[in-house]
Amino acid sequence: MMACLLEAPLRISVLSEVTATSRHYVDRLFDPDPQNVLQGVIDMKNAVIGNNKQKANLIVLGAVPRLLYLLQQSSSSLELRTECAVVLGSLAMGTENNIKSLVDCHIIPALLQGLLCSDLIFIEACLRCLRTVFISPVTPVQLLYTDPTVIPHLMSLLSRSQHTQEYITQIFAHCCKTPEHQTVLFNHGAIQNIAPLLISPSYKVRMQALKCFSVLAYENAQVSMTLVNVLVDGEQLSQVFVRMMQRDKPIEMQLTAAKCLTYMCRAGAIRTDDSCIVLKTLPCLVRMCSKERLLEERVEGAETLAYLMEPDIELQRIASVTDHLVSMLADYFKYPSSVSAITDIKRLDHDLKHAHELRQAAFKLYASLGSNDEDIRKKITETENMMDRIVSGLSESSIKVRLAAVRCLHSLSRSVQQLRTSFHDHAVWKPLMKLLQNAPDEVLVMASSTLCNLLLEFSPSKEPILESGVIELLCSLTQSDSPALRVNGIWALMNMAFQADQKVKVEIVKALGTEQLFRLLSDPDTNVLMKTLGLLRNLLSTRPHIDQIMSSHGKQIMQAVTLILEGEHSIEVKEQTLCILANIADGNTAKELIMTNDDMLQKIKYYMGHSNVKLQLAATFCISNLIWNEEDGSQERQDKLREMGFVDILHKLTQASDPNLCDRAKTAMQQYLA
């Protein structure tokens, strides 16, 4: 009870201090004389400029609803309404909490309504305030799209003045966050209305228009294809962008123009070998990675460049020999601050706090550079301490850095050479296994893909990984809801089972469990099914292994094979399944499971006569293994299969047009003649 009594007077004393200095401003908004109200708003405007405490006080005291009321009253003079918009704009310039309070008081619909007035000065004041509210991260951008009449009205206001152009394009650039937003703006003529602004006399207007095009074109083929054909004052839009990337233009402009061309290129509207990409955009983005540039510019430059060349090996090769890019990126780890900022202590502090963004960007760019070319990968791993940097990146606190580091590692792990050398020297598998313990899905997908490569038979990391209890971990991935993780889990097990000794195979079957193995064989995702069949094929690869596994799980495996051969599956899936059957037919005791199953023999016969050569080959392989001479009981098997009409089919296949199939049939026929 005491606590409550104590608390109340405290609250009053804090408020009374607030009230003393600010209450009279709010009181004057309620004065019956309109002239006094106007003077009160003007005085309030002068009191809040640059004074965050005063702004917060006035909001607490309820000034906002009153200002919005006056702004919307038709009886208010235009001057009063304009001054109200200006004060609200000033309140919005304060903290994020101020913006939250304004949005909660429904400032956005009130200001949008105000745009229907014909007076330009008032419209500009409303737009300036709207701009400030919308560019804040706490404002839901969806509020711009709630009323469908707003976007077309804003388009119509673009022609009114340079101020309306600047504020409206800035609002669009900030509020275009999804493909739906892009479509709404596109359908209301954003491109035709904004393109002429790229040659506006005002730098701010040109810059905001450029930003609009970068957010409209991102991953959007419809917008990008349209942009290619747009003319601005008789000049192609892409050429306008090229001009904006010239070295004498402000960095912000160069970078945003490069983003526009990058996005148009990635959306398929500009070819990757077009000179505006190879000779202009790519070199401009490489320039942004120099240690002369500010941290944000280096981050954005590297991430945009990584995105530009991700799918294109030629661009990767060109970038790798432009301006020593590979070693320039090494500076991302050493010098968070640009050379020009060394004297600015605030800047240095900011850059240290954001240094992880640089590391993330460098990893992304290395991943993109090294995704295809062996020489580039070698160049990257030979850069000073590179592997150590990746290894420490895998355990950084920032999830984004961990993801980028594992992407970089995955890109390098595509190299046989690197798997045999630097990956082994640095025991990369250890931090990778640690990362797999409890990471979010997107990190898991990349980390498990990398692990698949580390488990290939020529990788020296395969042995130590096997000893670290990885099998359990991979089996748990196969139970994930995410198809990508199921694929990677089973893929890694498949790689692990390739030419493995019996002990490892038994361990895999035991850890996975037959139930899960058969669940994966009926997985709706074809990739999962293919990799599971691959695993089964690798498990059933040498005679003693085939016999052992079939003696314990034969019935279920034969059932699964039957289901797949009868189901609606692709040629690849059926071919893989017939190859498994051929492996079973190669076992000593296992082949009896096929010989005593007439239904299965009929299926093999059907596929020997199939229209697809791959399936005919695989089925003929099965028969070949069943009738092979040197083995016990081959005579009985040959007789049974002859009775079933297999010899006639083989005879027909010796005349096949496909040379492989023809040879395979002849080899099988020879077993009968021997």
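How many Å² does the accessible surface of the protein chain come to, and what percentage of it belongs to carbon and sulfur atoms?

1. **Surface.** The accessible surface of the protein chain is about 30500 Å², and carbon and sulfur atoms account for 53% of it. Areas come from the Shrake-Rupley method with a 1.4 Å probe; for residues, only the protein chains shown count as cover.

2. **Ground rules.** This is a predicted model, in which local features need pLDDT of at least 70 and side-chain atom pairs count only at pLDDT 80 or more, while totals for chains, interfaces and linings use all residues. Residues are numbered from 1 along each chain as its sequence is written, and side-chain values use heavy atoms, with hydrogens and water left out.

3. **Overall form.** The protein chain has 43 helices and two strands. Both are DSSP runs, numbered from the N terminus: helices are H or I with at least four residues, strands E with at least two. The radius of gyration is 35 Å, well over the 26 Å that the globule rule gives for 674 residues, so the chain is more spread out than a compact globule. That radius is taken over C-alpha atoms, and the rule is 2.2 Å times the number of residues to the power 0.38. Along its principal axes, the C-alpha trace spans about 115 × 75 × 50 Å.

4. **Burial and contacts.** Of the 674 residues, 54% count as buried. Buried means under 20% relative accessible area, exposed over 50%, and partly exposed in between (1.4 Å probe, protein chains only). Take the contacts between residues at least 6 apart in sequence: 68% of these join residues at least 24 apart. A contact means heavy atoms within 4.5 Å.

5. **Charges.** The protein chain carries 66 positive and 74 negative charges, and their mean positions are 3 Å apart. Lys and Arg count as positive, Asp and Glu as negative; His and the chain ends are not counted. Each charge is placed at NZ of Lys, CZ of Arg, CG of Asp or CD of Glu.

6. **Helix α16, M264.** M264 sits in helix α16 (residues 251–266). M264 is buried, because its relative accessibility is 0%. Leaving out residues up to four places away in sequence, M264 touches A217, S224, L227, V228, F241, A269 and I270. Q222 lies 42 residues from M264 in sequence and 10.0 Å away in space, C-alpha to C-alpha.

7. **Helix α16, Q254.** Q254 also lies in helix α16. Its relative accessible area is 2%, so Q254 is buried. The Q254 side chain reaches the backbone oxygen of K249 at 2.9 Å. Beyond residues up to four places away in sequence, Q254 touches several others, including M244, C284, R287 and M288.

8. **Helix α9, S156.** S156 is in helix α9 (residues 150–157). With 42% relative accessibility, S156 counts as partly exposed. Its side chain reaches the backbone oxygen of H153 at 2.6 Å. S156 and D248 are 92 residues apart in sequence and 34 Å apart in space, C-alpha to C-alpha.

9. **Backbone points to check.** Most residues other than glycine have a negative phi. H106, not a glycine, has a positive phi of about 65°. H106 falls in the loop between α6 (96–104) and α7 (107–114), and is exposed at 56% relative accessibility. D323 also has a positive phi, near 50°. D323 lies in the loop between α19 (313–320) and α20 (325–334), and is partly exposed at 46%.

Methods:
A polar contact is a pair of N or O atoms within 3.5 Å; within protein, one must be able to donate a hydrogen and the other to accept it, and residues adjacent in sequence count only if both atoms are side-chain atoms.
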